[in-house]
Amino acid sequence: MSTYPEELRYTREHEWVRVEGDAGTVGITDHAQQELGDIVYVELPKVGTRVEQGKGLGSVESVKAVSDIYSPVTGEIVEVNESLAEAPEKLNQDPHGAAWLVKIRLSAPEQVRALMPASEYESYIAAEK
Amino acid sequence: MGARMVDFGGWDMPVQYSGILEEHHAVRNAVGLFDVSHMGEIEIRGSEALKLAEYVTTNSVARLKPGQIQYSALLYEHGGFVDDILVHKVAEDHFFLCVNASNQEKDYRHIRAANGWHAEVDFSSGRYAQLAIQGPRALAALQKLTTTDLAAIRRHCFTDGEVAAAKARIARSGYTGEDGFEIYVDPGQAPRIWDEVLEAGREFGIKPCGLGARNTLRLEAAMSLYGHEIDASINPFEAGLGWIVKLDKGEFIGRAALEDRSQAGVRRKLTGFEMRGRGIAREGYEIFVEGSPAGWVTSGGPSPTLNRNIGLCYLPVDRAGAGQVIQVMIRGQLVDALTVPTPFYKRAK
């Protein structure tokens with residue numbers, strides 16, 4: 001049984017993206033939330049912001065530290081998960097589901113192909129430990 | 001155990017077990033158990049032990065009675081901190097110092113170099129493991145494992161006895177802002193004692209706690225951490241620790257510099273603040289007052305007990321009173337904060 005859904009693609013910085021049509025939903029991985037510990041604050045861009053693959057998208061803060069989130073894809077923010085402002089702990093509970101961060105209209109959908117599939121990401125984090 | 005470990009000055013240290021928030025609340029509401037064996041121990045013995053202890057520390061060792069503990073500091077001649085320490089008076093000719101892990105070798109050299117008397121200075125860290133049992137139910141949990149009457153040990157006092165049938169120095173002290181005990185035991189016995197304390201505390205909701213919760217707890221209690229609030233560039237008056245400096249006790253290292261400072265006044269002061277705007281201040285972030293850089297954050301983070309984002313910072317003395325609006329530079333943006341009295345959290349007596 002895998003923790004990491006097959007339909008997501010993963011980055012080396014522990015973000016994921018799920019592509020549906022021309023939009024990508026972005027979040028952080030279960031491994032990331034485990035490493036961070038109790039998440040208490042999330043900072044996300046506004047709708048309409050242009051983001052670039054590999055560049056800062058926002059940040060998540062746990063009790064002990066702040067970590068940057070990097071965008072897995074290039075495009076424009078079309079939706080932000082506002083519920084995380086009030087309930088950042090959702091990121092610890094359901095990082096691949098209800099605690100998605102933003103939706104991005106992809107301007108370069110082919111970027112996704114270069115990201116890791118679930119099996120590769122699992123090997124990657126296993127090697128990181 | 002599922003502990004997440006980090007390397008801390010050569011020690012594999014648990015940052016957290018079940019989660020910092022859960023561990024933090026356990027200490028505030030029930031009891032938590034910390035392995036703080038990384039802390040250093042230095043002992044000063046002999047008929048001239050008092051003279052040396054008095055000369056290297058800022059607080060009045062002469063006022064201590066056997067069985068009492070005193071918060072104190074080792075200073076450089078210029079008045080900056082070598083370390084902050086706890087002095088335990090074991091006997092008239094024996095002082096037991098608990099010092100910070102990362103400073104212990106430096107402290108030992110500092111004390112040895114100051115030994116102009118016939119005092120014996122021993123580096124004893126290898127002979128002690130230290131467990132901290134902290135929280136309102138700490139006494140009830142630990143009492144199950146000892147015949148020593150724990151209620152009879154007053155705050156900042158200690159006694160030598162047994163815990164779980166092993167010799168233990170039992171001190172009513174801590175770094176959490178709660179009631180509790182710090183016990184010094186034989187390292188060979190420590191893993192077994194750890195297990196027995198967890199078992200004894202189970203009915204009280206005990207949680208094993210890591211360095212993460214230790215930090216959030218001490219921050220709420222506004223206790224200084226070496227390398228953050230205090231270091232060689234900071235003197236005790238700036239850190240709000242003038243109460244551990246007894247300028248009238250006679251000569252000690254750093255006294256002349258502090259005497260000058262106590263007359264000329266200090267320029268900056270450690271100050272508590274609460275975030276007003278959204279964001280969490282972290283160590284090293286810059287503080288602005290009326291648009292100009294004015295200081296820096298020494299420690300900051302969420303306060304799990306108060307549910308607010310709090311921090312400690314250095315500010316110019318004229319800005320250091322409570323009720324001042326300041327700004328913290330958080331990733332390129334100035335966010336409002338308000339200076340507040342410390343400690344942020346004080347337990348009900």
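## Close-up views of a two-chain predicted model

Chain B holds seven helices and 19 strands. Helices are DSSP runs of H or I with at least four residues, strands are runs of E with at least two, and both are numbered from the N terminus. The model is predicted: local features need pLDDT of at least 70, side-chain atom pairs count only at pLDDT 80 or more, and totals for chains, interfaces and linings use all residues. Residues are numbered from 1 along each chain as its sequence is written, while chains are lettered from A and ligands numbered from 1 in the order in which they are written.

View 1. The C-alpha trace of chain B spans about 60 × 50 × 35 Å along its principal axes. Its radius of gyration is 20 Å, which agrees with the value near 20 Å for a compact globule of 349 residues. This radius is taken over C-alpha atoms, and the globule rule is 2.2 Å times the number of residues to the power 0.38. Chain B divides into domain 1 (4-37 + 128-220), domain 2 (40-126) and domain 3 (267-340). These bounds come from an automatic or database domain assignment. Between the C-alpha centres of domain 2 and domain 3 of chain B lie 34 Å.

**View 2. Helix α6 of chain B.** Helix α6 covers residues 211-220 of chain B, and nine of its ten residues are buried, so the rest of the structure largely encloses it. Buried means that 20 or more other C-beta atoms, placed from the backbone, lie within 10 Å of the residue's own; exposed means 12 or fewer, and partly exposed falls in between. Among the buried residues of α6(B) are L211(B), R214(B) and E220(B). Just after α6(B), A222(B) has a positive phi of about 55 degrees.

**View 3. Helix α7 of chain B.** This helix spans residues 255-264 of chain B, and its buried residues are R255(B), L258(B) and R261(B). Down the axis of α7(B), they fall within an arc of 120 degrees, so they line one face of the helix. The arc is that of the directions from the helix axis to the C-beta atoms. D260(B), Q263(B) and A264(B) are exposed on the other side of α7(B). G265(B) follows α7(B) with a positive phi, near 85 degrees.

**View 4. The open sheet of chain A.** Chain A has four helices and nine strands. Six strands form an open sheet in the order β1-β2-β3-β9-β8-β5 (chain A), with antiparallel pairing. Two strands pair if DSSP finds at least two bridges between them. At the edges are β1 (9-10) and β5 (50-51) of chain A, each pairing on one side only. Strands β3 (residues 23-28) and β9 (residues 102-106) of chain A pair in the antiparallel sense over four bridges. G24(A) has I104(A) as its bridge partner in β9(A).

**View 5. Where the chains meet.** The contact takes eight residues from chain A and ten residues from chain B. Two residues are in contact if their C-beta atoms, placed from the backbone, lie within 7 Å. The side of chain A that touches chain B has four nonpolar, one polar and three charged residues. Nonpolar covers Ala, Val, Leu, Ile, Met, Phe, Trp, Tyr, Cys and Pro; charged covers Asp, Glu, Lys and Arg; the others, Gly among them, are polar.
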